[in-house]
Amino acid sequence: MARKLSMRQAINEALDQEMARDPTVFIMGEDIAGGQGGQGELDAWGGPLGVTKGLYHKHPGRVLDTPLSESAFVGAAIGAAACGMRPVAELMFLDFMGVCFDQIFNQAAKFKYMFGGKAETPVVVRAMVGAGFRAAAQHSQMLTPIFTHIPGLKVVCPSNAYDAKGLLIQSIRDNDPVIFCEHKNLYGVETEVPEESYAIPFAEANVVRDGDDATIVTYGLMVHRAMDAADALAKKGIECDVIDLRTLSPIDWDTVLDSVERTGRLVCVDEANPRCSIASDVSAKVAQDAFKSLKAGIGMVTAPHTPVPFSPALEDIYIPSAAQISEAVQRTMGK
Amino acid sequence: MTEKRIVPIVMPKWGLSMKEGKLTSWLVSPGAEIKPGDSILEIETDKIAGSFEAPDGGVLRRAVGEVDVVYPVKALIGVIADPSVPDSEIDEYVSGYVTPPAEDEGEAQADAPQFVDVDGGKLRYSMKGEGAEKVILIHGFGGDLVTWMFNIDGIAESATAYALDLPGHGQSSKKIADPSVAGLARTVVSFMESLGIEKAHLVGHSLGGAIAMEVARSAPARVKSMTLVAPAGLGPEINIDYINGFVAANSRRDLKDLLGKLFADQSLVSRQMMDEVLKYKRLDGVVPALRSLADGFAPGGKQKDILSASLNARIPTLVIWGKEDQILPVAHAANAKGAQVEILEGAGHMPHMEKASKVTALIKDQIARAS
């Protein structure tokens with residue numbers, strides 16, 4: 001009955017509807033209009049993976065191709081936001097953020113604090129994250145923890161098309177800088193998405209499966225791996241709560257703690273490297289606030305502490321699997 | 001001939017999008033004597049959990065469906081037959097049963113909800129059946145046409161049933177030009193005009209009941225009969241904490257206890273039901289629309305539009321109420337002077353869902369009597 005969209009289409013629709021609703025919204029980034037200055041159809045690409053396809057002609061003058069300088073255009077977006085616009089900058093790969101850390105960490109994240117709450121920076125930086133795309137070590141990292149670490153930034157990482165549309169609309173309407181992380185291997189995955197605009201509030205985790213035996217906390221692509229693991233575990237009589245955090249900063253501790261207090265077992269799953277990760281952050285919080293509820297040591301399933309390998313065989317092993325998650329849950333049950 | 005003596009129990013189709021359902025428990029064992037309408041098993045779909053009522057009487061001869069297994073719509077899950085039917089015939093029936101294929105795209109599309117422009121915006125509605133009598137189903141505050149999913153197919157067997165999304169609800173326009181009961185009643189009349197429906201039997205739940213009464217008061221020539229399910233508009237009292245809580249809720253935690261108040265059996269509130277409500281409430285414009293509606297019909301926590309005095313014998317009226325209603329007091333049923341009143345045990349504010357086949361049968365009787 002309801003209409004299905006891929007996550008790529010859902011993000012495109014969110015940008016389209018917000019630009020139509022609010023004239024201060026505009027988008028900028030490398031090749032988002034489709035190779036301006038080249039031959040042929042200007043709109044041929046719409047970003048490296050086609051997310052912004054079609055928007056250039058629909059919103060003349062508001063889809064801006066930028067030079068290949070992340071530090072320049074991310075800085076420009078932050079400046080425009082400080083002056084009352086609501087820019088959405090597309091950074092291609094979150095891995096490239098290294099060259100604009102000052103703009104993000106020291107400027108955007110600090111303005112509200114350092115100007116006594118008088119300055120707002122409603123900028124969204126969209127970027128692709130995650131491994132599995134055969135894109136090698138510099139285009140495959142899951143750098144969500146680095147941004148989550150910085151007060152003043154909000155960090156979002158949707159696992160499906162419905163959430164992507166609602167969270168991106170919320171990100172654009174939010175008055176703080178938001179790092180919006182899109183897993184490149186989820187762009188093609190379809191879910192039911194309403195045609196109307198809607199906003200999903202931040203710090204509202206989604207419990208995607210109910211169970212009383214163990215809690216799996218995760219986000220992004222790993223939600224799908226965790227669901228596969230939970231399906232396999234259900235066949236063995238083990239029922240898991242699977243929590244999709246959706247936003248990493250702010251984070252919905254209540255849902256995590258309520259669940260662990262009921263199940264007594266926790267496995268944190270993160271595609272990021274293990275040290276100072278979302279998994280270790282959630283583990284620490286639960287160990288601190290719900291220790292008495294725990295019936296077993298907390299399990300963590302993450303990528304190893306290595307760069308993402310380019311070898312396809314190694315890359316596949318690098319990404320946490322449903323089997324690893326299922327084993328980790330069984331370990332918390334003494335099996 | 002044996003076909004008639006053997007009644008199959010098949011996975012029902014609750015609502016347009018349902019393709020399969022999980023059998024979660026059998027409430028009766030093989031060999032049990034069953035009366036039509038008895039709850040015999042429980043089913044969970046991706047939208048809702050509910051009990052399934054026997055389509056006919058007899059003895060449950062086979063419980064083919066296994067608990068915790070997902071079956072496609074129309075798959076055989078049990079067999080009811082008279083004790084005189086030999087076991088061999090039953091076994092033959094079971095082994096020969098072929099699940100009919102799922103509806104093809106065309107058929108599904110013919111059934112799909114449509115949109116119509118009326119005074120006050122775009123309304124979504126679904127239409128079922130081909131009977132000469134027209135029936136309009138009007139949901140309550142915060143609901144949508146899906147609330148009638150257990151009833152509409154039964155009603156459509158003998159009438160043409162229209163279920164609409166009121167403005168501000170479901171997939172209709174979220175702007176409400178006039179959020180008063182009178183304004184919503186004008187929208188319903190405009191809906192009838194747009195679809196060329198001269199006269200109809202109105203079925204209204206909760207706020208939809210008050211709207212039905214207002215249509216009957218202001219445009220009596222358009223109304224053949226009314227069935228009011230736990231209607232607003234029969235007294236000032238209302239659980240305003242529920243209304244305010246519903247407007248404010250934006251998480252599953254907020255909603256869980258709240259939605260439980262709608263039902264006598266709180267376990268009917270599934271995670272999916274909460275997700276559907278949240279998805280609706282997140283749509284742009286919904287929260288202001290609900291706020292303006294609530295301020296319109298219950299300013300200061302009391303119902304403003306008391307329509308009991310407008311009921312009259314010319315328009316036959318049936319009032320159905322769940323005895324355990326926690327939103328609108330069942331005592332209001334006594335204010336419906338001249339109406340037939342049915343109070344249902346084991347039902348809360350949603351008797352059309354909790355006691356679905358009973359309510360469907362009552363609605364059909366009411367339509368038949370008033371035709």
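In this predicted model, the residues lining the second largest pocket divide by class into 22 nonpolar, 10 polar and 13 charged. The pocket has a volume of about 1200 Å³, and among its 45 lining residues Pro12(B), Trp14(B), Phe52(B), Phe150(B) and Asp153(B) are those that lie nearest its centre. Two or more lining residues come from each of several elements of chain B, namely the strands β1 (6–10), β4 (39–44) and β5 (49–53) together with the helices α4 (152–155), α11 (351–354) and α12 (356–369).

Rolling a probe the size of a water molecule over the atoms shows where empty space is left. Over the whole structure, the search returns seven cavities of 30 Å³ or more, and the largest cavity holds about 50 Å³ of space. Its lining is formed by Gly47(A), Pro48(A), Leu49(A), Gly50(A), Val51(A), Glu90(A), Met92(A), Arg126(A), Ala127(A), Met128(A), Glu182(A) and Tyr187(A). Within chain A, the strands β4 (86–93) and β5 (124–129) each contribute at least two residues to this lining, and the largest share, three residues, is that of β5(A). In terms of class, seven of the residues lining the largest cavity are nonpolar, two are polar and three are charged.

Attention then turns to the interface between the two chains, where 18 residues of chain B are in contact with 22 residues of chain A. The size of an interface is often given as the accessible area lost when the parts come together. For chain B and chain A the buried area is about 1600 Å², with carbon and sulfur atoms giving 43% of it. Of the area that chain B buries against chain A, 39% is supplied by Arg253(B), Arg282(B) and Asp284(B), which is more than any other three residues provide.

Charged and polar pairings also cross this interface. Five salt bridges are found between chain B and chain A, and one pairs the side chain of Asp284(B) with that of Arg173(A), at an N to O distance of 2.7 Å. Polar contacts between chain B and chain A, counted where both residues have pLDDT of 80 or more, amount to 10 residue pairs. On the side of chain B that touches chain A, the helices α8 (252–260) and α9 (271–282) of chain B each supply at least two residues, and α9(B) gives the most, with four. By class, this side of chain B comprises three nonpolar, six polar and nine charged residues.

Definitions and conventions: Residues are numbered from 1 along each chain as its sequence is written. Chains are lettered from A and ligands numbered from 1 in the order in which they are written. This is a predicted model: local features need pLDDT of at least 70, side-chain atom pairs count only at pLDDT 80 or more; totals for chains, interfaces and linings use all residues. Side-chain values use heavy atoms; hydrogens and water are left out. Contact means heavy atoms within 4.5 Å. Buried area is the accessible area (1.4 Å probe) that two parts lose on being put together, summed over both. A salt bridge is a side-chain nitrogen of Lys or Arg within 4 Å of a carboxyl oxygen of Asp or Glu. A polar contact is a pair of N or O atoms within 3.5 Å; within protein, one must be able to donate a hydrogen and the other to accept it, and residues adjacent in sequence count only if both atoms are side-chain atoms. Ala, Val, Leu, Ile, Met, Phe, Trp, Tyr, Cys and Pro count as nonpolar, Asp, Glu, Lys and Arg as charged, and the others, Gly among them, as polar. On a 1 Å grid over the protein atoms alone, a cavity is a set of points where a 1.4 Å probe fits but cannot get out, and a pocket is an open set with protein on both sides within 12 Å along at least five of seven lines; lining residues have an atom within 4 Å of a point. Grid points are joined across faces, edges and corners, and a volume is the space filled by probe spheres set on the points.
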